[in-house]
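Let's walk through this protein together, from the whole chain down to a few single residues. Have the model open beside you as you read.

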Amino acid sequence: MIKKCFFCDIYTFKEKCPRCRKKTRTPHPPKFSPEDKYGKYRRMAKNRGISS
Ligand SMILES: [Zn+2]
């Protein structure tokens, strides 16, 4: 799987960045937890001004 160095902003397949030697990570952000999802829905409902 492809990895990314977030310090150099370069992609590599190695566990460590070939430029700065820092540990690379997968470029995809972690998925939101269900709790965050419900919190988002709550905020959306609030923004719509549902008062009934
Ligand atoms: Zn780097």
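Among contacts in the protein with a separation of 6 or more, 5% are between residues 24 or more positions apart; two residues are in contact if their C-beta atoms, placed from the backbone, lie within 7 Å. Please keep in mind that this is a predicted model, in which local features need pLDDT of at least 70, side-chain atom pairs count only at pLDDT 80 or more, and totals for chains, interfaces and linings use all residues. Residues are numbered from 1 along each chain as its sequence is written.

The secondary structure comes to 1 helix and 2 strands, in the order β-β-α along the sequence. Helices (H or I, at least four residues) and strands (E, at least two) are DSSP runs, numbered from the N terminus. Of the 52 residues in the protein, 4% are buried. A residue is buried if 20 or more other C-beta atoms lie within 10 Å of its own, exposed if 12 or fewer, and partly exposed in between, with C-beta atoms placed from the backbone.

Now to the loops. Between strand E1 (3-5) and strand E2 (10-12) you will find Asp9, a non-glycine residue with a positive phi of about 60 degrees. Asp9 counts as exposed because it has 7 C-beta neighbours inside 10 Å.

Further along, the loop between E2 and helix H1 (34-48) holds Arg21. Arg21 is not a glycine either, and its phi is positive, near 70 degrees. With 9 C-beta neighbours inside 10 Å, Arg21 is exposed.

His28 also sits in the loop between E2 and H1, and is exposed because 9 other C-beta atoms lie within 10 Å. Its C-alpha atom is 9.1 Å from that of Lys3, 25 residues away along the chain.
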